[in-house]
Amino acid sequence: MIYGDIRNSGAWHAWAGTAFEAVCLQHRKKIAQLLGFSGIRYHSGPFFETGENGCQIDLLFDRDDKVFTLCEAKHQITPVGKTIIQEVERKAQCLVALYPKRTVHRVLLV
């Protein structure tokens, strides 16, 4: 199999997506700095909520100013489609349902 064939395989895309999420997690301090809230105390990491209306968030910043910064990490070779907006919005609604008094900022990391 040549390199071009490997990059077009489902296994490669799955690995690349997981690797990109790991890079984002490793650099979350820099992401907070670039997004402009590094001066606010926060806790960060992936977020999982199980159940009927559960969600999986690649990187969530739980900030002391009562704001969640929801980061969706997407490794894409092609342009990101509009369906990502619906996916991120569904995840934001999951957070709003669990924590109704919190604000949710949405960020797409590509």
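Helices (H or I, at least four residues) and strands (E, at least two) are DSSP runs, numbered from the N terminus. The model is predicted: local features need pLDDT of at least 70, side-chain atom pairs count only at pLDDT 80 or more, and totals for chains, interfaces and linings use all residues. Residues are numbered from 1 along each chain as its sequence is written, and side-chain values use heavy atoms, with hydrogens and water left out.

**Sheet**
- An open sheet of mixed pairing is formed by 4 strands in the order β1-β2-β3-β4; two strands pair if DSSP finds at least two bridges between them.
- β1 (42–49) and β4 (103–109) are the edge strands with a single partner strand each, so one side of each has no neighbour in the sheet.
- Neighbouring strands are turned by 30° against each other on average, direction ignored.
- β1 pairs with β2 (residues 55–63) in the antiparallel sense over 7 bridges.
- E49 has C55 in β2 as its bridge partner.

**Helix on the sheet**
- Helix α2 (residues 10–26) lies across β1, β2, β3 and β4 and runs at about 10° to β2; axes are lines fitted to C-alpha atoms, for helices over the stretch in contact (heavy atoms within 4.5 Å), and angles run from 0 to 180 degrees between N-to-C directions.

**Individual residues**
- V80 sits in the loop between β3 (67–73) and α4 (83–98).
- V80 counts as partly exposed because its relative accessibility is 31%; buried means under 20% relative accessible area, exposed over 50%, partly exposed in between (1.4 Å probe, protein chains only).
- A97, in helix α4, is exposed at 62% relative accessible area.
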